[in-house]
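Open the model in a viewer and have a selection tool ready. The tour below goes from one selection to the next and says what is there.

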Amino acid sequence: KPHLLSSRNAQSEMQKYCNLFDKTNEFWRDCSMVGAYLERHFENTNRPITKTFFAISIYMTSLLTKRNLKQCDIAKEMNVTTVTIEQFISGVRYD
């Protein structure tokens with residue numbers, strides 16, 4: 001079963017945002033895998049896929065792959081707030 005991100009054509013959006021931080025295919029692939037996992041959580045909690053979703057995917061990927069991307073840098077570059085990223089991370093613990 002193809003993962004859900006490709007069915008929404010969000011792959012090109014994910015790649016566009018990933019390229020802001022790391023232009024390698026490896027990073028984009030890692031972000032896509034994390035995004036596919038997070039998308040299930042978004043759907044289960046009826047959250048829409050927004051720019052914040054992509055910021056969260058990139059931030060979580062950077063943590064998992066030990067890249068040196070700071071949450072505030074991701075938020076600034078993508079024009080979202082760090083609060084929205086923090087709210088999601090806190091929500092994952094309690095949903």
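## Stop 1: Asp30

Select Asp30 and set aside its neighbours within four places in sequence: the residues in contact with Asp30 are then Thr61, Thr65 and Arg67. The model is a predicted one. Asp30 belongs to helix α3, which covers residues 25-44. Is Asp30 buried or exposed? Its relative accessible area is 18%, and because the cut-off for buried is under 20%, Asp30 counts as buried.

## Stop 2: α2 against α3

To see the contact, select Gln11, Met14, Gln15 and Cys18 on the α2 side, then Asn25, Phe27, Trp28, Cys31, Ser32 and Gly35 on the α3 side. Colour the contact of α2 with α3 by class: five residues are nonpolar, five are polar and none is charged.

## Stop 3: α2 against α4

Hide α3, keep α2 and show α4, residues 51-64. What is the angle between α2 and α4? They pack at about 60°, with their axes 10 Å apart. That angle makes α2 oblique to α4. The crossing of α2 and α4 is right-handed. In this contact, Glu13, Met14, Tyr17 and Cys18 of α2 meet Lys51, Phe53, Phe54, Ser57 and Ile58 of α4. By class, the contact of α2 with α4 has six nonpolar residues, one polar and two charged.

## Stop 4: Phe54

Now centre on Phe54. Leaving aside neighbours within four places in sequence, Phe54 is in contact with Ala10, Glu13, Met14, Tyr17, Ile49 and Met78.

## Stop 5: the largest nonpolar core

Which residues of the largest nonpolar core touch the most other members? Select Phe21, Phe27, Phe54, Ile58, Ile74, Met78 and Ile85, out of 24 residues in that core. Next, show the elements that give two or more residues to this core: α2, α3, α4, α5 (71-78) and α6 (82-94). α4 gives the most, with six residues. In soluble globular proteins, nonpolar side chains tend to be buried together.

To finish, display Phe54 with the core: Phe54 is among the residues that touch the most other members, and Met78, also in that group, is one of the contacts of Phe54.

Conventions. Residues are numbered from 1 along each chain as its sequence is written. This is a predicted model: local features need pLDDT of at least 70, side-chain atom pairs count only at pLDDT 80 or more; totals for chains, interfaces and linings use all residues. Side-chain values use heavy atoms; hydrogens and water are left out. Helices (H or I, at least four residues) and strands (E, at least two) are DSSP runs, numbered from the N terminus. Buried means under 20% relative accessible area, exposed over 50%, partly exposed in between (1.4 Å probe, protein chains only). Contact means heavy atoms within 4.5 Å. Ala, Val, Leu, Ile, Met, Phe, Trp, Tyr, Cys and Pro count as nonpolar, Asp, Glu, Lys and Arg as charged, and the others, Gly among them, as polar. A nonpolar core is a set of buried Ala, Val, Leu, Ile, Met, Phe, Trp, Tyr and Cys residues joined through side-chain atoms within 4.5 Å. Axes are lines fitted to C-alpha atoms, for helices over the stretch in contact, and angles run from 0 to 180 degrees between N-to-C directions. Angles under 35 degrees count as roughly parallel, over 145 as roughly antiparallel, 65 to 115 as roughly perpendicular and the rest as oblique. A crossing is left-handed if the near helix is turned anticlockwise from the far one by less than a right angle, and right-handed if clockwise.
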